[in-house]
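Student: I'm new to this structure and would like a close look at just one part of it. Could you walk me through it slowly?

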Amino acid sequence: MVAKVTEFKGHKVLTLMSSEEDKYPFTFGVAKAKLIMNNLDEIKKFIEENQ
């Protein structure tokens, strides 16, 4: 996995990619990162139930 910190409209964002050639990266800022961190258990449960 590749992770890069860049800027979007003056705000820091994190972009996650499965490879450097990933056509559909996942990009989010601090607010969404906090939301993800606060819901890790639900995300893990979702993955387990839908894998």
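Student: Which residues does F28 touch, not counting residues up to four places away in sequence?

Tutor: F28 touches V13, L14, L16, A33 and I36, leaving out residues up to four places away in sequence; contact here means heavy atoms within 4.5 Å. Before we go on, a word on what you're looking at. This is a predicted model, in which local features need pLDDT of at least 70 and side-chain atom pairs count only at pLDDT 80 or more, while totals for chains, interfaces and linings use all residues. Residues are numbered from 1 along each chain as its sequence is written, and side-chain values use heavy atoms, with hydrogens and water left out.

Now, where does F28 sit? Its place is in strand β3. Strands (E, at least two residues) and helices (H or I, at least four residues) are DSSP runs, numbered from the N terminus. Overall, four bridges hold β2 and β3 together in the antiparallel sense; two strands pair if DSSP finds at least two bridges between them.

Let's step out to the sheet. Its three strands come in the order β1-β2-β3, and the sheet is open with antiparallel pairing. The edges are β1 (2-8) and β3 (26-29), each of which pairs on one side only. Ignoring direction, neighbouring strands here are turned by 30° against each other on average; the axes behind such angles are lines fitted to C-alpha atoms, for helices over the stretch in contact, and angles run from 0 to 180 degrees between N-to-C directions. Helix α1 (residues 30-38) packs on this sheet and touches β2 and β3, with its direction at about 100° to that of β3.

T6 has V13 as its bridge partner in β2, and E7 stands opposite K12. Two residues lie between the strands in the hairpin of β1 and β2, where K9 takes a positive phi near 50°.

Back to F28, which also has an aromatic partner. F26 and F28 form a tilted pair, 5.0 Å centre to centre with 45° between the planes, and the structure holds one such aromatic pair. Rings of Phe, Tyr and Trp (its six-membered ring) pair if their centres lie within 6.5 Å; planes under 30 degrees apart count as stacked, over 60 as edge-to-face and the rest as tilted. F28 counts as buried because its relative accessibility is 11%, whereas F26, at 46%, counts as partly exposed. The cut-offs are under 20% relative accessible area for buried, over 50% for exposed and partly exposed in between (1.4 Å probe, protein chains only). Of the 51 residues in the protein chain, 10% count as buried.

Finally, the whole chain. From the N terminus on, its elements run β-β-β-α-α. The radius of gyration is 13 Å, well over the 10 Å that the globule rule gives for 51 residues, so the chain is more spread out than a compact globule. That radius is taken over C-alpha atoms, and the rule is 2.2 Å times the number of residues to the power 0.38. Along the principal axes, the C-alpha atoms fill a box of roughly 35 × 25 × 15 Å. As one example of spacing, the C-alpha atoms of F28 and D41 are separated by 19 Å, at 13 residues apart along the chain.
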